[in-house]
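Thanks, everyone. Please bring up the sequence and the model, and keep both in view while I talk.

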Amino acid sequence: MKQLFISASISFVVVVGLVFLVFFIATWIPEPQRYIIPINEKRVRSYDYFCKNCNSFDLLGVAYKSFACMFVKAFTRSRWSHIALVYKPEPNKILILEAIRTKKNLPEIQIVECTHWFHRNKEYDMCWLPMKLEAPLIEPKHLILKSIFQSLYERQVKVSMGIFDWAKTLRWKTKNNYDYKSKKSMFCTEFVCNILQECEILKSTYEPTSFTPKTLLFDIQEHLEHSTKNYEPFLLFYQE
C-alpha cells in the first residue's frame, strides 16, 4: 500500500511539473520575432477585404487560448494553435474546412459558412495566408478537395488532442506508409496538409503529421510543389 502511495505521489508530481513547464514556456518565453505578424497597414486586412480577395486553398490561422493550446504553443514556439482551409466554389460563396472539436454532437471534420467561422472566432487573433494559386489550377483541384473531405467526414474521423500526437511534430518524418484513408483521428494541420498534398500544392516529402500551424503559416514556401512567389500571413480584423 505504501509503495502504491509513493508511486502515485511521484506520478502526480511529474504531471504537475510537466503542466507547470508547459505553462511557463507558453506564457513567459517569447515567440521568435520572425513568427510575429507586425500590426501595421501592410500586414492587417479587414474581413471585407478577405472576402473579396481570398481563394480556395488559402489558409486561416487562429490563436486559441485554451489549456490544450498552451501545449501547442509550448511545442511549436508559436501562439498560432489552429489552422483551417478556405474553399471558394463560387465567387460569392466562401466555406471553411477544418478539423476541430466544437460541440459534443457535431462532427469533428467540419465545413462551415465563412461568416459563421469568423463569428465563432471573433474573440481570438486570426490570420490569413493567401496561397496565390492561378485560377486555371484551382478548379480541377476542387474535385480532389471535395473527395478527401467527404471521405473523412463520412468515416467520422476525430480530432487528435493528445500530447503525444503533438510531440510527433518535433521531428520531420518522411512519408512512407502514411495513408489518410486509414486514419481514425488527425489534428488540424494534418487534415489541411492531406488536402494540400493530394492536390499537389504541398510536397509529399514529409508526413502531414510533421507540420504545425506555424510551419504552414510562416515556412510553407520551402514545402510547396511550385513556388515562385513570396508568402506572408496577414492579421485579420473582424467587426460585426
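I will go from the overall fold to the salt bridges, then to one helix, some backbone angles and a pocket.

First, the ground rules. This is a predicted model, where local features need pLDDT of at least 70, side-chain atom pairs count only at pLDDT 80 or more, and totals for chains, interfaces and linings use all residues. Residues are numbered from 1 along each chain as its sequence is written, and side-chain values use heavy atoms, with hydrogens and water left out.

Now the overall picture. The chain has 8 helices and 9 strands. Helices here are DSSP runs of H or I with at least four residues, strands are runs of E with at least two, and both are numbered from the N terminus. The chain has 240 residues, and 45% of them count as buried. Buried means under 20% relative accessible area, exposed means over 50%, and partly exposed is in between, using a 1.4 Å probe and protein chains only. Next, contacts, meaning heavy atoms within 4.5 Å. Take those between residues at least 6 apart in sequence: 71% join residues at least 24 apart.

On to charges. Side chains of opposite charge can pair when their charged atoms come close. How many salt bridges does a search of the whole structure find? It finds 7. The cut-off is a side-chain nitrogen of Lys or Arg within 4 Å of a carboxyl oxygen of Asp or Glu.

Start with Arg-34 and Asp-219. Their side chains meet in a salt bridge at 2.8 Å, N to O. Arg-34 sits in the loop between helix 1 (2–28) and strand 1 (44–46), and Asp-219 in the loop between helix 8 (213–218) and strand 9 (234–237), so the pair ties together parts 185 residues apart in sequence. Are the two partners buried or exposed? Arg-34 is exposed, at 53% relative accessible area. Asp-219 is buried, at 14%. Asp-219 has another partner as well: a polar contact of 3.2 Å joins its side chain to that of Tyr-35. A polar contact is a pair of N or O atoms within 3.5 Å; within protein, one must be able to donate a hydrogen and the other to accept it, and residues adjacent in sequence count only if both atoms are side-chain atoms. Leaving aside neighbours within four places in sequence, Asp-219 is in contact with Arg-34, Tyr-35 and Lys-214.

Next, Glu-232 and Arg-43. This salt bridge spans 3.7 Å, N to O. It links distant parts of the chain: Glu-232 is in the loop between helix 8 and strand 9, Arg-43 is in the loop between helix 1 and strand 1, and they are 189 residues apart. Glu-232 is partly exposed at 38%. Arg-43 is buried at 14%. A polar atom of the Arg-43 side chain also lies 2.9 Å from the backbone oxygen of Pro-233. Beyond four places in sequence, the contacts of Arg-43 include Ile-37, Phe-234 and Leu-235.

One more pair. Glu-108 and Arg-101 form a salt bridge, with the closest N and O atoms 3.4 Å apart. Glu-108 is buried at 12%, and Arg-101 is partly exposed at 45%.

Now helix 7, residues 188–198. Of its 11 residues, 10 are buried, so the helix is largely enclosed by the rest of the structure. Among the buried ones are Phe-191, Val-192, Ile-195 and Leu-196.

Backbone angles next. Most residues other than glycine have a negative phi. Phe-57 lies in the loop between helix 2 (47–53) and strand 2 (59–63), and it is buried, at 0%. Gln-156 has a positive phi of about 55 degrees. Gln-156 is in the loop between helix 5 (135–154) and strand 7 (158–159), and it is exposed, at 58%.

Last stop, a pocket. On a 1 Å grid over the protein atoms alone, a pocket is an open set of points with protein on both sides within 12 Å along at least five of seven lines, and lining residues have an atom within 4 Å of a point. The second largest pocket has a volume of about 290 Å³. Of the 15 residues that line it, the closest to its centre are Leu-133, Leu-137, Glu-200, His-226 and Ser-227. Volume here is the space filled by probe spheres set on the points, which are joined across faces, edges and corners.

Notes:
1 Å grid on protein atoms, 1.4 Å probe; cavity = no way out; pocket = protein on both sides within 12 Å on 5 of 7 lines; lining within 4 Å.
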